Amino acid sequence: MIPESFIQELLARVDIVDVVGRYVKLRKGGANLLGLCPFHNEKSPSFTVSPTKQFYHCFGCGAHGTALRFLTEHTGAPFPEAVRSLAASVGISVPEESRTPRQRAADRERREEGSRQHRILDQAQAHYRAALKQAPEAIEYLKRRGLSGEIAARYGLGWASRDRRGLATVFSHYEDPALLESGLVIESEDGRRHDRFRGRVMFPIHNQRGQLIGFGGRLIEAGEPKYLNSPETGLFSKGHELYGLHEARAGIRAEGCVLVVEGYMDVVALAQYGLNNAVATLGTSTTPEHLRKLRRASDRIVFSFDGDSAGRKAAWRALQACLPWVAEDISMRFLFLPESHDPDSYVRAYGVQALRACLDEAMPLSRFMLDELGSRHDLDEAEGRAACVYEARPLFAQMPEGGFRLQLEREFARQVRLTPEELAQLLAAAGPAAGGAGPSAGTGRQAGQGGVTGSGTYGTARFSHPEGGHASEPEGAPWLGHEDPGAGMDLDGAPPWADAVPSQAPRGAGRKPPRGRGGSRQVTPMARRLLRLLLAHPALVAGLGDQQLELLAHHPHLGMVRQLVGLASTCGAAHAGALLQAADPESDLARAIQDLSTELMAQDLPDPQAEWDDALRAIERQSVQEQCDRLIASGLVTEEDSRRYQELSRRLARLKAGAG
């Protein structure tokens, strides 16, 4: 384990501009630097790097994080490796927390095993590529499929001969257990071994960092299975990988979308015709991890399927995987080619421009879902419409609430002859969807991702306490009626993580309160002001006195501020990026830091300490005023009440005069 204190020290010494600048061309844009986002396709720069806050933020796709997050997300490096890479760049060594000799040995063994498997796969790849040059039948097959030698070389295609032990010429110790663990050989029950891949064109599979992690092999003659992948290994998992994603990065940017096809040959054949944005799943249905990688690659995803019944079924499974990811800022579409064609055959028959035209006209997810639901039921009958709503319930339950879901619900309501309010009641009665894995809150922001939900009782908000618990909000919102330096701030679309303001009007029965991306609950202007100040200037925490800490501790609507003060005190973060790195990625606080990034990109205040002190005085002034009001309302019946009121009045006068 790498100590957290070292992570903070490293982030204080590393300049994020240098790290990001190795991969993204940056130019000056006021106090920050701008560039084209490496996480999604864009033509005008929305990717911003802050030298003072030491984090990056894309205003297009929401990618956000520190220098460490950038390396792990952009290069695919594991976190420990990213830490070591950064540490080496500034000339410091990474300390490890004390571990037992057995733990250290196990870690070393895992690293060595991974490195050894990479070397073995690289050796096999060199053998397969060399064998292709000596295999006329394989070369003829590739030519027949329209592939040039240039494309075959670009994708590293090879050939596995029909010899049962062809790899024995490469690996003198054919009985080496590592050959079995890397998936290159198979051992039968009697202990005899043979090559896994025989008589197949070989397609090397790379991870996002370009490392070889496995193979796919295609038969060139009749037989089953036509496609064969490496088995699950320590390096390769077909549910996590997409063939061609590493090679398609530039093409995805150029085409403005990522095209998901069903086989390796489709990917390579489309590249032959100049369409370089295709990727393929590896013999499995689309998974949440696939969607996570696709979402990072582009904000426009097109799934291509055959137009037959099997293709429609596969498309329906893909749609269900997509539902937790739908949002206003991402387009997911479905392309159904004529039954006699796959992308490879279609582009050979009609040309690449015809396929591009098909991509432009691909069916949006919403239309496919509604058409498919409608085709399964007789919508001219009440029974059919009721059954259609019943089938749709778990589908809508998987979607994050927001503008897209609201639009889709209204269209579906018209389809089943209900009002939006009636449909909302039926959907709410269904409860949460069973199963259905959605985006993980821990990999950074994902568009449309569900977040923290509010209370089920409207008008009742919940507040985070430093200990992690919650308390019901008191009746009314007295701070809204008093002077507040943050008053007048736009609360629309406020983030889900902050202290809430209770609803002022009843909502439709059975309907959850509308939420923004990730679930929206309004934030008090003062809490927002303090959070923004602390994030921009963590050093303010060091100057907090006992009276100020006491004030924050007892204020009912500053739970998130208290959490941030505690985090900054504990980790000693030097800038906002370090705070983001230190926050638990699953927590509301991490989402708060991320959601405030657009405001943090603004230039610093000339005197943040004065701004902070002024904000705390405003909070105390509000608190003292409320105490005075309560004493007056009680009638000052006791001498103690009168004495307390006089003390508070004097304190209030000093606060209004600007005194401490």
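**View 1. Arg192 is exposed, with a relative accessible area of 61%, and pairs with Asp190 in a salt bridge.** This is a predicted model, in which local features need pLDDT of at least 70 and side-chain atom pairs count only at pLDDT 80 or more, while totals for chains, interfaces and linings use all residues. Residues are numbered from 1 along each chain as its sequence is written, and side-chain values use heavy atoms, with hydrogens and water left out. Exposed here stands for over 50% relative accessible area, buried for under 20% and partly exposed for what lies in between, with a 1.4 Å probe and protein chains only. Between Asp190 and Arg192 the closest N and O atoms are 2.9 Å apart, and Asp190, at 49% relative accessible area, is partly exposed. The structure holds 25 salt bridges (a side-chain nitrogen of Lys or Arg within 4 Å of a carboxyl oxygen of Asp or Glu).

**View 2. Lys293 and Glu241 form a salt bridge.** The closest N and O atoms of this pair are 3.5 Å apart. Because Lys293 lies in helix α11 (residues 288-297) whereas Glu241 lies in the loop between β11 (227-229) and α9, the pair ties together parts that are 52 residues apart in sequence. Helices (H or I, at least four residues) and strands (E, at least two) are DSSP runs, numbered from the N terminus. Lys293 is buried, with a relative accessible area of 9%, and Glu241 likewise counts as buried, at 10% relative accessibility.

**View 3. Glu647 and Arg643 form a salt bridge with both residues in helix α26 (residues 639-656).** The two lie four residues apart, about one turn of the helix, and their closest N and O atoms are 2.4 Å apart. Glu647 counts as partly exposed, at 29% relative accessibility, and Arg643 is also partly exposed, with a relative accessible area of 38%.

**View 4. Trp612 belongs to the largest nonpolar core, which has 65 residues.** A nonpolar core is a set of buried Ala, Val, Leu, Ile, Met, Phe, Trp, Tyr and Cys residues joined through side-chain atoms within 4.5 Å. Together with Phe47, Leu530, Leu552, Leu564 and Leu579, Trp612 is among the residues that touch the most other members. If neighbours within four places in sequence are left aside, Trp612 is in contact (heavy atoms within 4.5 Å) with Leu530, Leu533, Leu534, Leu540, Leu544, Gln548 and Leu552. Another core, of 60 residues, lies apart from this one and has Leu157, Phe197, Val267 and Ala362 among its members.

**View 5. Cys257 sits in the loop between α9 (249-255) and β12 (258-261).** With a relative accessible area of 3%, Cys257 is buried. Although Cys257 and Ser298 are 41 residues apart along the chain, their C-alpha atoms are separated by 5.8 Å. Setting aside the neighbours within four places in sequence, the residues in contact with Cys257 are Ile252, Asn277, Ser298, Arg300 and Val302.

**View 6. Helix α6 (residues 136-144) has Ala138, Tyr141 and Leu142 as buried residues.** Seen down the axis of α6, the buried residues fall within an arc of 95°, so they line one face of the helix; the arc is that of the directions from the helix axis to the C-beta atoms. On the other side of α6, Pro136, Lys143 and Arg144 are exposed. The helix is followed by Gly146, whose phi is positive, near 85°.

**View 7. A cis peptide bond joins Glu224 and Pro225.** Its omega is about -5°, and Pro225 is found in the loop between β10 (212-219) and β11.

**View 8. Gln54 has a positive phi in a residue other than glycine, as does Arg417.** For Gln54, phi is near 60°, and the residue is found in the loop between β3 (47-50) and β4 (55-58). For Arg417, phi is near 60°, and the place of this residue is in the loop between α17 and α18 (420-429). Gln54 is buried, with a relative accessible area of 9%, whereas Arg417 is exposed, with a relative accessible area of 54%.
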